Amino acid sequence: MRARKFGFALSLLLALGMALLNNWQSPAQERQSGALLTGIIYDRQGQPVFNALVSLISAGGNPIEQSNTQQDGRYALEIPNPLPDGLLLSIERAHFHSMELPLQDEVQAELEQGGIVALADLTLVRRVDIGFWIATLIFIAVLILIASNVLHNTLAALLGAALLFLVSYLGAAISERLFIFDFEGALHYVDWNVIFLIMGMMIVIAVVERTGIFQWLAFMAYRISRGRIWLLLLILMIITGVASAFLDNVTTMLLMTPITIEIALSLGINPLALLIPQVFASNVVGISTLVGTPTNILIGSYANISFNDFLINLTPGVLLALVGLMIYSQLVYRKSLQAQTGDGISEILLQKLEERAIITETEHLKKAGWVGLGMLILFVTGENFHLLPSVTALIGATALLVWIRPDIEEMIEAVDWTTLVFFITLFICVGAIQEVGLISFIADGIARLVGENLVLAMLAIIWLGAILSTVIANIPFTAAMLPVIAFLTKGIPGAESKVLFYCLSVGSAMGGNGSLIGASANMVTAGISERAGYSITYAYFLKKGFPALLITVGLASVWLLIRFL
Amino acid sequence: MSEKKPRQILCAVRGGPESRQTVTRAIELALESGARLTFFHAMDAEFLHHATIGPLSVVYNELREMGEFTMMILCDRAERRGVENVDYIVREGNIRKQLMIIAIETKAEVMVLGRPTRSPGSNVFKMENIEEFVTTLAEEGNLKVLLVP
């Protein structure tokens, strides 16, 4: 009985499968004799227009064939046979003016012969409607919320993304002009390479920071300097800078600040004389590698700039800026570095300081060192076999986890999911202003301003980026500027070396030194310092930081001009 | 009628130059009365909630170490001035709440606090509400609160 039932079910499934297969095949059979009409659609900035609906319309106004453009703006319409006369090609896309054009007789004739006909590239013109203004306002609101610390970065970006969807889905029911993008369209703007690279690096950092290496290094700097505070400052700046080039700046400063304060107090000097130059060094040297700052990760992924490219094209400029910064710091803090206050320090305190500077997990540190070396080799050589940095970071993180077998729950907790959500939702918010055309208008404006002058464009991006980064968060700023830079790169002779992306990297990161709110590393350093009774006020940071910005950005600009002109 | 000498004095400070006067006052008081002097540091890490960072446990540990170090410096200073019974306590959490808790726990008779000279953050004392807080603290902790200018 059971066997019969099974046989019946099987036959039913087979029959259903055959029916589906037949149905699936039938449209293809209809099209067998058809020709192919292809082409590419761009916007006025020469960027391919994705997801535009391209339709072939009959004389009666009925769509005969439809297709959506791909990422590269390409479309392909299969032409049925026989081909009716008086056909129109119609293109529709949200946030663009629709376009209709009749198929010319010669094109029609070619199609009738069954060939593949490539039409000339078409350009869609942007349409500014209510959706444009809503997306723009939401993006500005997110920037303000982040800059003013009214909401956590992640919450601000999440709120922005939620509002965009709310307007797109509910608002579109009222008027189609309120539509910004749908969920699928929004995900198209999320750069998963960035997300996975950050996630992988977070796991590696979580292992490294537990080993006590930072505290040990700082204490070694204290020992090596043997009371010569000017030397201590230089060593601490180098340690902080190098650490920031491979780890994120915030983590570096979170770990370096407490031990630096303790060293300064034990030496009887004002901790700010060490901390401020350290945070400057962190912001400057961080950009020498692809993984040193989130902004570089964004830039590298978007513009396909490799780990080596950053090392070759930015590191010399960064070193130049670091030398300038070291001289500046010695000059600015010369009095503090000489003036030792207090009655000296007791043996108990020295002993406490020494106890702090112990590598707590030697085995983990060794293993992390080997894995780190492997990752470095993969970062450097990976581009030869198309290995994405995110894959290297994931491989490294997994290898480390398998090798040291930490508490996996603890390690998963070590991944800062709020940061990852911040990036995902930020991509959506930036995607919205890209979708509605704000980015194109900005790009147009800058292009008009700089014309085809590469030097002007370089200086404009570096200095605009640097100045704006003192007041707005550099991550959303960089994310928003990427498509603008891509457009300028296409239009300015000589910019194909991707120099403008390096300019963006320099401006957005080194600009962080210009004000207390310019970089997250500044904020956490100030927060920790205040907890030890040493306040870093906005005015104090501005007074020390803005000249540092001018010096470092100036020197990095000189390097970029020498390197790329 | 002379006031009863305290046996336990709490001095709640962060350390740093702005705490200098408060610490000096607490040391003088301890020397005058022969009371035990306890420096108290509340480690408030709420500022980190606005930063996009990784695991907080390591950072909290670092902040605790730093807090302990700054308190040890103060103990060192008090000992050099001749205070015989001196120690410190470092706690994690909101400063106001922790001050209330520590006042009750230690049964201190006197707490020495620094009067704010500015309003540095949302979690610490502000000029306009310090008096109100001191009154509540004195009532709930059953102790005398000295505000050092």
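Me: Which residue is the bridge partner of Gly114(B) in β5(B)?

Reply: Two strands pair if DSSP finds at least two bridges between them. Here Gly114(B) has Val148(B) as its bridge partner in β5(B). That bridge belongs to the pairing of β4 (residues 110–114) of chain B with β5(B), which is parallel and has five bridges. This is a predicted model, in which local features need pLDDT of at least 70 and side-chain atom pairs count only at pLDDT 80 or more, while totals for chains, interfaces and linings use all residues. Residues are numbered from 1 along each chain as its sequence is written, and chains are lettered from A and ligands numbered from 1 in the order in which they are written.

Me: In what order do the strands of the chain B sheet lie?

Reply: The order is β3-β2-β1-β4-β5 (chain B), an open sheet of five strands with parallel pairing. The edges are β3 (86–92) and β5 (144–148) of chain B; each has a single partner strand, so one side of each has no neighbour in the sheet. From one strand to the next the twist averages 25 degrees, where axes are lines fitted to C-alpha atoms, for helices over the stretch in contact, and angles run from 0 to 180 degrees between N-to-C directions.

Me: What pattern does chain B follow along the sequence?

Reply: Chain B reads β-α-β-α-β-α-β-α-β, with four helices and five strands in total. Of its 149 residues, 38% are buried. A residue is buried if 20 or more other C-beta atoms lie within 10 Å of its own, exposed if 12 or fewer, and partly exposed in between, with C-beta atoms placed from the backbone.

Me: How is chain A divided into domains?

Reply: Domain bounds come from an automatic or database domain assignment. In chain A, domain 1 covers 26–124 and domain 2 covers 192–334 + 352–564. Their C-alpha centres lie 47 Å apart. Six residues of domain 1 of chain A and eight residues of domain 2 of chain A take part in the contact; two residues are in contact if their C-beta atoms, placed from the backbone, lie within 7 Å. Chain A as a whole has 24 helices and eight strands, and 47% of its 565 residues count as buried.

Me: Which strands are at the edges of the antiparallel sheet in chain A?

Reply: The edge strands are β3 (63–68) and β6 (99–102) of chain A, each pairing on one side only. The open sheet has four strands in the order β3-β2-β5-β6 (chain A), with antiparallel pairing. Strand β2 (residues 53–57) of chain A is joined to β3(A) by five bridges. Within β3(A), Glu65(A) is the bridge partner of Leu56(A).

Me: How do I read a helix crossing, such as that of α8(A) and α12(A)?

Reply: A crossing is left-handed if the near helix is turned anticlockwise from the far one by less than a right angle, and right-handed if clockwise. The crossing of α8(A) and α12(A) is right-handed. The axes of α8 (residues 229–246) and α12 (residues 307–332) of chain A come within 11 Å and cross at roughly 145 degrees.

Me: Which residues meet there?

Reply: An α-helix has 3.6 residues a turn, so residues three or four places apart point the same way. From α8(A), Trp230(A), Leu233(A), Leu234(A), Met237(A) and Gly241(A) meet Leu322(A), Met326(A), Ser329(A) and Gln330(A) of α12(A). By class, the contact has six nonpolar, three polar and no charged residues. Ala, Val, Leu, Ile, Met, Phe, Trp, Tyr, Cys and Pro count as nonpolar, Asp, Glu, Lys and Arg as charged, and the others, Gly among them, as polar.

Me: Is helix α11 of chain A mostly covered or mostly exposed?

Reply: Helix α11 (residues 294–303) of chain A is mostly covered, with nine of its 10 residues buried. Among them are Ile297(A), Leu298(A) and Tyr302(A). The cover includes α6, α12 and α16 (389–404) of chain A. Just after α11(A), Asn304(A) has a positive phi of about 55 degrees.

Me: How many residues of each chain are in contact between chain A and chain B?

Reply: Chain A has 39 residues in contact with 29 residues of chain B. On the chain A side, α9(A) gives the most, with eight residues. That side has 18 nonpolar, 11 polar and 10 charged residues.

Notes:
Helices (H or I, at least four residues) and strands (E, at least two) are DSSP runs, numbered from the N terminus.
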